Amino acid sequence: MPARRARLNLVNIFLWVFGGAILALSAWGAFLTLSEGRISPSAWQTLIVAGVALGSVYALIALGYTLVYGILFMINFAHGEVFMWGAFTAFFAASALNDIGMIDASPLLAFLLVLLTAMLVSMLVAVLLERVAYRPLRGAPRLVPLITAIGASLVLQYTARGFYGSGVRGYPGFGLFGGTVELGPIRIDVVELVVIFAALALMFALYFFINRTRTGRAMRAVSEDKDVAAMMGINVDRIIVTTFAIGGLLAGAAGILYTLLFNQVHFFMGFLPGIKAFTAAVLGGIGNIIGAALGGLLLGILEQVGPNLLLTGYGIPSPNQLQDVIAFTVLVLVLIFRPSGLLGRKENV
Amino acid sequence: MQKYMRWSGLLVVLMLVLAACQADTGGSSDPSADESTPASSEGAGGTADCDADEFGCVEIAEGDPIIIGTELVITGANESLGLDSQYGAEVARGLRPDIAGHEVEFNHQDDGCSAEGGTAAARALVSEENIAGVIGTSCSSAGIPSAEILSAEGVMLVSPSNTAPSLTAPETHEPFYARTAHNDSIQGAAMATFVCEVLSLTTAATIDDGSPYADQLANVFAREFESQCGGTITNEEAITVGDTDFSGVLENIAADSPEFLYFPIFVAEGALITQQAKETSGLDDTVLGGADGYFTPDWLSAAGEATEGHVLSGPDLAFAGDFYEADFLPAYLEVSGTDTTISVFHAHAFDAYNMLADAIEEVAFTEGGTTYIPRTALKDAFFAIEGYEGITGTLTCDENGDCADAKISVSEVQDGEFVRIWPEE
Amino acid sequence: MDLPMRRALFTGLLGGLAGVHVGLVGMIDSFQGRDTIADLITLGSMLPLLILLLVGWRAASPVKSAQLIPTGARTFILGAAAGATAGLILAALAALITAVNLRWILVNATPGLAEILQFGQGLVVGSLILIVGGALLGLAGASLHVVPPAIARSLAIAFVVSLAVALLEPFLGAVLRNLGLDAVEEVFFAGGGLTLVGAIVVFGLTAAGIYAWTTRGEGARERVAAMPADRRRNAKLIWYGVLFLLLLALPQLVGQRLSEVVGTVGLYVLLGLGLNIVVGFAGLLDLGYVAFYAVGAYTTAVLTSPSSPVFAPELPFWGALPFVIIAAALIGLMVGTPVLRLRGDYLAIVTLGFGEIARTIFLSAWAQPAVGGAQGILSIPPPLPFERDPQAIYYPILLFCIIAAVAATSLASSRVGRAWNAMREDESVAEATGVNTTVYKLLAFMLGAAFGCLSGALFAAKIGVVFPQSFDILVSINALALIILGGMGNIAGVVVGAIVLVGLPELLREFAEYRLLIYGAVLVAMMLLRPEGLLPSRQRQAELHERESDEDQYAETSGEETGRPVVTI
């Protein structure tokens, strides 16, 4: 139908112009900034390292989104709050251990204990979420589970606020993780190193799990085709619960890693990281695990480096205030130009 | 279609007419807002003053309490700011439970730290009969509409923490508004003077957090710094409340190596920036500065060792002598049930209560058992307060409502404690 | 132990946990300040009471999947068991709080809470009261299954209505006082809720009324249905006319302070009507609706305020309106175009992003020269050149709400509305049948933007100042929640939703603190139980229940046994 093709072409043209303009402006801004040479290479390096650390956290959360989407084709809007609950649990566990002096006595053991508690609680929250809010609505029209997810997100946030208060809670630091190290030419904080390593370890564990274990294979089967998998004797319900559980575990780990970096917990802390992690998942290709990891890292770096790189060249005042705008613009651009993401499979979004 | 047009036209006209009639009569078909009925016209002076007073009198029958409203942010993310002021007012009432022979009762409202919250709270208070005065608001964004609403009804509004300049600027000042908190221009200028003359630094950068308070403070500091000693502002950056990673901002600022970095924000982000700045190479020799937004013990514990050498401006509480430590603080902790003070404007709220009480006692008179407080006279008495010795300093109200003592002091963190270093005592 | 008993105990467990949640979140404590029945039951105590009643009711209801219907004595036993379990859990909580200091984790686990739960009677007696009381309340809840359905229904509705009247005390009390009916007010209301007399009267009248309507109303209903078309239309017109007069007189009836509240409700009705077009009609889940609100408010501010930073034409409000509409069209296009090819979840997230971008930009130092940044824009004149009077500003808000309602209604039944229906059902099929989805989507966004911007303009003029803090995601969530609650695609639903979700928190400070928690719970509950909303359009109801069979609402893929014979026990 020629009319429709013409229409779509008009829209396409507009979108390409819009997206192209943003990219061109960004490139030019970067050029201006770099030629200005105000910010030193070591400063850029610090930012990139910070971006990698933050990005690792985003990657862990993104994995939760991507796993669930791969199976249920829905965005678990409340995943950011699963992350937040993990962080709070870690906070209380760490405070308790701190009070009994364990953090000073055996910091590594303390850290592992806190990590485990956080991951467990997040897993429980995720599984609870699935059971109460999502399972009853599996066959429902698209809008319904999405709205439920939003509602669940609100309940989790404000329950945390009601239970724990609305203030920001400072985290007791782990002395073990102070200081910086030099890895060749790169200066990196020990904390950042720990975060990156832990995240990588977990991602490898996940990769191994998905690709080498029976449950992992079952998960892949279900994400390919739910009905066929059921016919093959796979208990789809149980696989779905497992998926949520794994997502929860990873988010819990992300929770403690994030608070290691920033030493603060707050009931609203899951909102923005949740959205950004989702952006990362989309960027990398939703449904693709390596994509989620990659997307997370990229987004983290872009966030840290972006405002200074793209905007200072234009002399925009307070460019770092617009950090979130960059993240959202990335999302829009990816969805315009390559909706399936960098590594995603080509399918209808 | 014709019918539609006709009916809609009629509708519009009807609406506008109704609204016009409504507003013309001043909108008070609400008996509770009607203040101007004289109680009794016995004797010269006395209740005749009430008739003469444009806004009438507050009437408190024998044995009834005087009602003072509070309009502070007591729920939500900023609740510690408002609750802290509320506790300050409670402490003041505890130490002075009677005004003009009547008990004092509070009517607490939530200003929501937003314009619409302030509007709703102000309306709620104004619809309360016989409200003698209001302590509030916490946030300037709530203060601006509240001042308008309360002044229209002749209710005195005294703020412990509004800092926006427009509230006391001659063109926009509402007649029944005053504040015991510092006008940002004073505090920002004080810090600029300190940095210029005492520290003798020539380059500086600022970071604010998007709140009217911080934005204004940073701005005033920057302009004063430039004009007072010809210093250079290398960067005026901003962050968003809730952000946790400030490497981008700090690297951007570090690229120009300012000698002084001023971030007059609140505890959460303030603590983080303090720590992260110490880890940013390029800011190694930079002096860090803040304002009363995080001039509290919980900032010290949140930021830990990184606070060493930090300078902060704030009201000169040394002025209060022992009273603050010995009497106010224990009472505060009793009322709040916390281990430390939870924000920074409690002392201002304390002073606000007492100033209001003084003004009330000056103009209130009793006739036939009922106490009358003429509203306009109350306002005049309040604005006439001179040299009031409160715990935030010596307060004198100017005609635009700025009552705060111009005494700002600068303290430094030495060995994990705040030590006052300027001006010399 | 058989299935129904197990389920009863499980229900009791869930109810107990719900009670624990409500207590630890701080609601029970906060709600203590207000009485539901003066000097008898506080709102705080009402919460566990309600939970226990619900637990009992649910425990004794038929087990759908197994087709088991409890009868007679069994019902009471199930209800009592469930109630006792829930009571036991609450007692355990109270005991735990008193024994161990958990306040470093759970800030509301205070001795005060324990005292409330134990009715001030200490550990042993208090716990006993809870368990026995729980059993009794569970029994009462279960008994609703035993009495004839008509009576059960009347009792339940009467209970809900009485509770609603008690909650609306600030509003109704003010109305009565303004009408000069102070005596009536004193008889019915006290302490923030109903008096005992008032409660009995309201409950009794409602119960009797509903019962009469249900049992004896048959005749009346038939007569209504049998009315000839033009008589019915006349009746409808009279009904609308009365409603209209009531609306016109509302500010007079409720006084200054409540006019302010009603005005705010009106703003959200307008927002809801706009969002209704985007989400309800066109099926595009827009989570960034606040962007339109902000654009409308700031456009008005810049054009009408003398203290607008860079560009201050100082137009009157009505003169600025055309520009607001133009801005709305533009931003509707801007938001709509990039999301044209997105569906469902992606659309939601991207529009959410747009909402956040809007707020960030209005707050930013970059845009400060134009829109005031953190300092906002002040001195915005009200729409009518008189004092900023809540009773006066109500009328422009009402005017726009009516215009929006009329526009929405006529759109719904027009060609555009039908196209939106088709798009909502299945986009690909709609495209295939020749519906130009691009145009209709953009139209939906632009119209939604128009209403949103108008609401924003009124907001700016009403409050007189705009600050970026007023435009965060909570506005979008508010608007979404109220159309979900009220029923998408339905004007009356939007109004009801706004009254409940916006009006109530404004009236009752206690609710304001837990507002969003309640929103979240409402959203989840509505989606699970009644996704079409409280007052749905019939079409909606059909759409959302089309998969419903005799059993559960949404069939699961993995085996649920069906078709067992009915067994009574």
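Predicted model: local features only at pLDDT ≥ 70, side-chain atom pairs only at ≥ 80, totals over all residues.
Figure 1. B:T137 is located in the loop that runs between β5 and α5 (140–152) of chain B. The peptide bond joining B:G136 to B:T137 is cis, with an omega of about 0°. Strand β5 (131–136) is also one of the elements against which the buried residues of α13(B) pack.

**Figure 2. Two non-glycine residues of chain B with positive phi, B:A100 and B:C113.** B:A100 has a phi of about 50° and occupies the loop between β3 (98–99) and β4 (102–110) of chain B. Its relative accessibility is 27%, so B:A100 counts as partly exposed. For B:C113, phi is likewise positive, at about 50°. This residue sits in the loop between β4 and α4 (115–126) of chain B. B:C113 counts as buried because its relative accessibility is 13%, under the 20% limit for burial.

**Figure 3. Helix α13 of chain B and the elements that surround its buried residues.** The helix comprises residues 375–383 and is mostly covered, seven of its nine residues being buried. The buried set consists of B:R375, B:T376, B:L378, B:K379, B:A381, B:F382 and B:F383. These residues pack against the strands β1 (57–60), β5 (131–136), β6 (156–159), β7 (177–179) and β14 (370–374), and against the helix α12 (346–363).

**Figure 4. The two assigned domains of chain B and the contacts between them.** Taken over C-alpha atoms, the domain centres are separated by 30 Å. Contact between the domains involves 10 residues of domain 1 and 12 residues of domain 2.

**Figure 5. The surroundings of B:F295 in chain B.** B:F295 lies in the loop between β11 (287–290) and α10 (297–303). Apart from residues up to four places away in sequence, B:F295 touches B:L312, B:S313, B:G314, B:V344, B:S411 and B:F418. One of these, B:S411, is 116 residues from B:F295 in sequence, yet the two C-alpha atoms are 9.2 Å apart.

Figure 6. With a relative accessibility of 5%, C:Q118 counts as buried. Beyond residues up to four places away in sequence, its contacts are C:A94, C:A95, C:L123 and C:G126. Leaving aside neighbours within four places in sequence, C:I131 is in contact with C:A84, C:G87 and C:L88. The C-alpha atom of C:I131 is 49 Å from that of C:G353, a residue 222 positions away along the chain.

**Figure 7. Overall fold and surface of chain A.** Chain A contains 13 helices and four strands. Its radius of gyration is 21 Å, close to the 20 Å given by the globule rule for 349 residues, so chain A is as compact as a globular protein of that length. The C-alpha trace spans about 75 × 60 × 40 Å along its principal axes, and 60% of the residues count as buried. Among contacts with a separation of 6 or more, 78% involve residues 24 or more positions apart. The accessible surface is about 13500 Å², of which carbon and sulfur atoms contribute 69%. A distance of 12 Å separates the mean positions of the 21 positive and 15 negative charges.

Note on methods. Residues numbered from 1 in each chain as written. Chains lettered and ligands numbered in written order. Heavy atoms only, no water. Helix = DSSP H or I, 4+ residues; strand = E, 2+ residues; numbered from the N terminus. Rg over C-alpha atoms; globule rule 2.2 N^0.38 Å. Buried < 20%, exposed > 50% of the residue type's maximum accessible area, 1.4 Å probe, protein only. Contact = heavy atoms within 4.5 Å. Areas by Shrake-Rupley, 256 points an atom, 1.4 Å probe, with all protein chains shown as cover. Lys, Arg positive; Asp, Glu negative; His and termini not counted. Charge placed at Lys NZ, Arg CZ, Asp CG, Glu CD. Domains from an automatic or database assignment.
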